[in-house]
Amino acid sequence: MRDQFEEQLRLLNEYLVEMGDLCKKSIARVLDALKTNGQKTFDEVHALEAEIDGKEREIESLCLKLILKQQPVAGDLRLISAALKMISDMERIGDQCSDIMDNIRFLENHQEMGLESSVDIEEMATASMEMITRAIAAFIEKDLAVAREVMQSDDIVDELFDKVKSEIIEIIAEHPEKGEACMDLLMVAKYFERIGDHITNVAEWVEFSITGHHPDEAKIG
């Protein structure tokens, strides 16, 4: 019975890695779209969103089977509960990527409109891809130090968002006619900032899976 349980836990880890890879791939395709504005990329991101949703359902089903059939206790139950929380935030990353694509469609000339802002947004995307990869690895390897490093990395994404916001304010002040496009670009940055928050949530649930304590408990206390 325990061997079967261990095999299902191994499968859970495999599915989580796959879902993390889908999120990373979606962010990467959004980054490509920031540079090319291609319709093909738009379609790919929406297809990836559907794949992420499907993987979420697959993991939910596996977790429920583990809970109902194996009746895990203590650390095993904590791990499965954390996985269920993690995939909720990962599903939201797929949604945010689709939302970004909806904005990018109206930004055909965003590079010329504000090159520096575009570069900072691309850095936000790159940081997000690194964060999601490390967060999932921390869960698989039960590495608390890496999970906490991922949480701290969100500060980088937040700082980049603040830079983009300041740069866009300056662009609007100098070129009021670009105001609407600037707001679309700001929304793209805001969605990436939210993606960073979702990945931070994933890392926090990784900490819970390892220690039994969620970081927010310390804030409340």
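Leaving aside neighbours within four places in sequence, with which residues is Asp102 in contact? Asp102 is in contact with Phe42 and His46, where contact means heavy atoms within 4.5 Å. The legends below begin with this residue.

This is a predicted model, in which local features need pLDDT of at least 70 and side-chain atom pairs count only at pLDDT 80 or more, while totals for chains, interfaces and linings use all residues. Residues are numbered from 1 along each chain as its sequence is written, and side-chain values use heavy atoms, with hydrogens and water left out.

View 1. Asp102 belongs to helix α3, residues 74–104; helices (H or I, at least four residues) are DSSP runs, numbered from the N terminus. Its relative accessibility is 34%, so Asp102 counts as partly exposed; that class lies between buried, under 20% relative accessible area, and exposed, over 50% (1.4 Å probe, protein chains only).

**View 2. Gln96, a buried residue of helix α3.** Gln96 is placed in helix α3 and counts as buried because its relative accessibility is 2%. Apart from neighbours within four places in sequence, Gln96 is in contact with Tyr191, Arg194, Ile195 and His198. Gln96 and Glu122 stand 26 residues apart in sequence, and their C-alpha atoms are 15 Å apart in space.

**View 3. Positive phi values at Gln71 and Ala74.** Gln71 lies in the loop between α2 (39–70) and α3. Phi of Gln71 is near 50°, a positive value in a residue other than glycine. With a relative accessible area of 61%, Gln71 is exposed. Ala74 is located in helix α3, and its phi is likewise near 50°, positive in a residue other than glycine. Ala74 counts as exposed, at 60% relative accessibility.

**View 4. The crossing of helices α1 and α7.** The axes of α1 (residues 2–36) and α7 (residues 179–211) come within 13 Å and cross at roughly 165°. Axes are lines fitted to C-alpha atoms, for helices over the stretch in contact, and angles run from 0 to 180 degrees between N-to-C directions. The two helices α1 and α7 are therefore roughly antiparallel to each other, the word used for angles over 145 degrees. Their crossing is left-handed, meaning that the near helix is turned anticlockwise from the far one by less than a right angle. Ile27, Val30 and Leu34 in α1 meet Val188, Phe192 and Ile195 in α7. The residues of this contact divide into 6 nonpolar, no polar and no charged. Ala, Val, Leu, Ile, Met, Phe, Trp, Tyr, Cys and Pro count as nonpolar, Asp, Glu, Lys and Arg as charged, and the others, Gly among them, as polar.

**View 5. Helix α6 beside helix α7.** The axes of α6 (residues 144–174) and α7 come within 9 Å and cross at roughly 170°. Helices α6 and α7 are therefore roughly antiparallel to each other. Residues of the contact of α6 with α7 comprise 20 nonpolar, 4 polar and 9 charged.

**View 6. The aromatic pair of Trp205 and Phe208.** Rings of Phe, Tyr and Trp (its six-membered ring) pair if their centres lie within 6.5 Å, and planes over 60 degrees apart count as edge-to-face. By this rule the count comes to 1 aromatic pair. Trp205 and Phe208 form an edge-to-face pair, with 5.3 Å centre to centre and 80° between the planes. These residues are 3 apart in helix α7 and are therefore separated by about one helical turn. Both Trp205 and Phe208 are buried.

How values were computed. Angles under 35 degrees count as roughly parallel, over 145 as roughly antiparallel, 65 to 115 as roughly perpendicular and the rest as oblique. Rings of Phe, Tyr and Trp (its six-membered ring) pair if their centres lie within 6.5 Å; planes under 30 degrees apart count as stacked, over 60 as edge-to-face and the rest as tilted.
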